[in-house]
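Dear colleague,

Please find below the structure that I am handing over to you. I would be grateful if you could read the notes after it with the coordinates open.

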Amino acid sequence: MRGSARLLAVGMQKINGPDGSDTTGFVLVDLDGAPRADGIVRCAKKILVDGARTLARSRTYAWALLGEQVSGASAGINTPPDQRGAAVAAFVDAVRERVSSGELSLDPGKGVSADDLAPLAEADHRSPLRNEPATHGSLADELLATGALAAATAALDGLDGRRVAIEGAGDSLPALVSMLGQAGALVVAVGTSSGTVADPAGFDTASLVESHREHGDGLPAALGSELAPGEVLGVAADVLMCGSRPGLVDHEVAASLPHRLLVPIGPVPVTAKGLAVATRRDVVVLPDFLTTAGPLHAYRPSESATADELRTRANDHATALTRELLPHAEGPLL
């Protein structure tokens, strides 16, 4: 029975394989009773439920900061590489009805492409405005960069002359690099899955954007870098923007971070122990559910909303909340 599904517990939907026997995945919804939920779906040999629960909670908090009772969702497709196609198809079949009803929306995460989820995208009730082409990538890419940049700017009272290292920005890298350049910041390192490229004097942002457009995450290799992907975390800078995966900054990494400010550009990049160590070292860690919330402004905007209005909202939202949270005795994230 292809793509059959049943409820395991509150908020958990099990996705069976093409033959109806082996469990290939799940959808976890964080907030019981919410009228709708959205999040990402990841695919690998083993996606852990505990990690998915953390990702869903981060999205719930992001919506809460916007004053909306929308739940975070997190889905996983567990499959060996040789069965991936059938497993993804079974997953799409199993959740299509929920997406069509407006109850659930899912975007591709690690190991999943937009083409994989094309049937779900066609049924998605969210505004297509989020995927509209912008100067640098899609509007969602620019809104992510806008929110992260606004939070960093508010935390440091400006970015002019600040040195910034970027890890795991993906499709939002061109927008982020361009905006940092306009703010007067120096992008001194970029890390992707293929490696790290660094320049203590700061890159020419226009050239970096153009190189990324040509090479994507292969940027460091194309520029002849011999640095490993993780080495970006050790490049001296005032600000680290990171987010390639949850738990990237654990207590060991946090113990040697050379930065004053950590701005997440992906969900939950800092572990609880990592946060504790960073805080003891006076490294300020901003909340991921604030700094990554920019794209949510384009998910369900008013019919009259324009892209510029959404950029303004993303900027103002991140700026105001960062300023409000920074003085908190336990730090802005807690």
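This is a predicted model: local features need pLDDT of at least 70, side-chain atom pairs count only at pLDDT 80 or more; totals for chains, interfaces and linings use all residues.

Residues are numbered from 1 along each chain as its sequence is written, and side-chain values use heavy atoms, with hydrogens and water left out.

I begin with the pocket. The second largest pocket holds about 300 Å³ of space. A pocket here is an open set of points on a 1 Å grid over the protein atoms alone, where a 1.4 Å probe fits, with protein on both sides within 12 Å along at least five of seven lines; lining residues have an atom within 4 Å of a point. Grid points are joined across faces, edges and corners, and the volume is the space filled by probe spheres set on the points. Its lining comprises 17 residues, and Val268, Val270, Asp288, Phe289 and Leu333 lie nearest the centre. At least two lining residues come from each of α1 (49–65), α9 (272–280) and α10 (288–291), and α1 gives the largest share, 4 residues. Helices (H or I, at least four residues) and strands (E, at least two) are DSSP runs, numbered from the N terminus. The lining has 12 nonpolar, 3 polar and 2 charged residues, where Ala, Val, Leu, Ile, Met, Phe, Trp, Tyr, Cys and Pro count as nonpolar, Asp, Glu, Lys and Arg as charged, and the others, Gly among them, as polar.

Next come the aromatic rings. The whole structure contains 2 aromatic pairs. Tyr61 and Phe289 form an edge-to-face pair, 5.1 Å centre to centre with 65° between the planes. This pair joins helix α1, which holds Tyr61, to helix α10, which holds Phe289, across 228 residues. Tyr61 is partly exposed, at 40% relative accessible area, whereas Phe289 is buried at 14%. Trp63 and Tyr299 form a tilted pair, 6.2 Å centre to centre with 55° between the planes. Trp63 lies in helix α1 and Tyr299 in the loop between α10 and α11 (307–325), 236 residues apart. Trp63 is buried at 1% relative accessibility, and Tyr299 is buried at 6%. Rings of Phe, Tyr and Trp (its six-membered ring) pair if their centres lie within 6.5 Å; planes under 30 degrees apart count as stacked, over 60 as edge-to-face and the rest as tilted. Buried means under 20% relative accessible area, exposed over 50%, and partly exposed in between (1.4 Å probe, protein chains only).

The charged end of Arg126 also sits over the ring of Tyr299, 4.6 Å from its centre; the criterion is NZ of Lys or CZ of Arg within 6 Å of the ring centre and within 35 degrees of the ring normal.

Three further residues complete the account. Ser71, in strand β5 (residues 71–78), is buried at 0%. Beyond four places in sequence, the residues that Ser71 touches include Val29, Asp30, Thr60 and Trp63, contact meaning heavy atoms within 4.5 Å. Leu240, in strand β10 (residues 239–242), is buried at 0%.

Yours sincerely
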